[in-house]
Amino acid sequence: MLSEIKTYFATNSSDYWNYVWQHLTLSLEALLISMILGISLGYCLYRRPRMKQSVLGLSQGLRVIPSLGVLFILIPFIGVGRLPALIALVFLGLPPILVNTVVGFEQVSEELLETGIGLGMTQAQLMRKVSFPLALPHLLNGIKLSLVEIIASATLATYIGAGGLGNLIYTGLHLFRYDLLIIGGGSVAVLSFLSMLLLDLGIKWSQIK
């Protein structure tokens with residue numbers, strides 16, 4: 001098995017790094033869109049509590065839908081390729097960011113906000129200097145959960161021609177190539193672990209700061 005893995009990297013290293021690049025770019029694009037939507041909508045829900053329960057309930061309901069199911073639902077409308085895969089991954093990545101954004105802003109002490117208002121701060125200054133720094137650890141935790149889920153689920157993008165490390169897993173399953181399964185699955189696991197590690201460091205740094 002080890003010799004087969006070495007042989008693969010010796011003869012297909014360029015293909016492998018192309019798969020890694022496709023997987024990372026697709027995952028990061030989905031994460032960026034999820035962050036923009038999740039943080040913006042989360043802050044709006046924090047400011048408008050009446051809408052909060054219904055929207056959060058809907059976002060959590062989206063997580064029940066299997067990502068592969070979302071992919072196949074989208075095929076008749078927008079075809080195959082990166083776009084349906086990107087939309088499906090955003091569906092998965094949005095709820096953790098949205099929920100943690102709301103929780104983060106809700107954890108900000110009302111006394112601190114009132115003190116800031118008493119010092120003459122505007123709403124923009126309160127957001128920049130008080131609310132956002134205190135909510136940041138929760139936001140980063142939501143981003144971490146979202147990224148790990150996106151990276152793991154991006155393997156399914158192979159089924160609709162969006163590329164990525166799922167190509168190795170898909171080929172390995174069909175050809176009974178355990179070396180490809182180990183390389184593909186192991187690479188996804190390593191990417192997930194590294195993303196968790198980096199964002200955990202970011203969370204600790206934000207708490208210290």
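User: What makes up the lining of the largest pocket, by helix?

Analyst: Helices α1, α5 (110-118) and α6 (123-153) each supply at least two residues of that lining. Helices here are DSSP runs of H or I with at least four residues, numbered from the N terminus. The model is predicted: local features need pLDDT of at least 70, side-chain atom pairs count only at pLDDT 80 or more, and totals for chains, interfaces and linings use all residues. Residues are numbered from 1 along each chain as its sequence is written, and side-chain values use heavy atoms, with hydrogens and water left out.

User: Which residues line the largest pocket?

Analyst: The lining consists of Tyr43, Tyr46, Arg47, Glu110, Leu113, Glu114, Ile117, Gln123, Leu126, Met127 and Ser131. A lining residue has an atom within 4 Å of a pocket point. By class, 6 are nonpolar, 2 polar and 3 charged. Nonpolar covers Ala, Val, Leu, Ile, Met, Phe, Trp, Tyr, Cys and Pro; charged covers Asp, Glu, Lys and Arg; the others, Gly among them, are polar.

User: Why is α1 called oblique to α7?

Analyst: Helix α1 (residues 2-47) and helix α7 (residues 166-175) pack at about 125°, with axes 9 Å apart. Angles under 35 degrees are roughly parallel, over 145 roughly antiparallel, 65 to 115 roughly perpendicular, and the rest oblique. The angle therefore makes α1 oblique to α7.

User: Which residues make that contact?

Analyst: Tyr8, Tyr16, Tyr19, Gln22 and His23 come from α1, and Gly166, Asn167 and Leu168 from α7. Contact means heavy atoms within 4.5 Å. The classes split into 4 nonpolar, 4 polar and no charged residues.

User: Why does Ser195 count as buried?

Analyst: Its relative accessible area is 8%. Buried means under 20%, exposed over 50%, partly exposed in between (1.4 Å probe, protein chains only). Ser195 is therefore buried. Ser195 lies in helix α8 (residues 178-208). Not counting residues up to four places away in sequence, Ser195 touches Leu147, Val148 and Ile151.

User: What makes Met121 partly exposed?

Analyst: Met121 has 26% relative accessibility, so it counts as partly exposed. Met121 sits in the loop between α5 and α6. Beyond residues up to four places away in sequence, Met121 touches Gly116, Leu126, Lys129 and Val130.

User: How many helices and strands does the protein chain have?

Analyst: The chain has 8 helices and 0 strands. Of its 209 residues, 41% count as buried.

Note on methods: Axes are lines fitted to C-alpha atoms, for helices over the stretch in contact, and angles run from 0 to 180 degrees between N-to-C directions. On a 1 Å grid over the protein atoms alone, a cavity is a set of points where a 1.4 Å probe fits but cannot get out, and a pocket is an open set with protein on both sides within 12 Å along at least five of seven lines; lining residues have an atom within 4 Å of a point.
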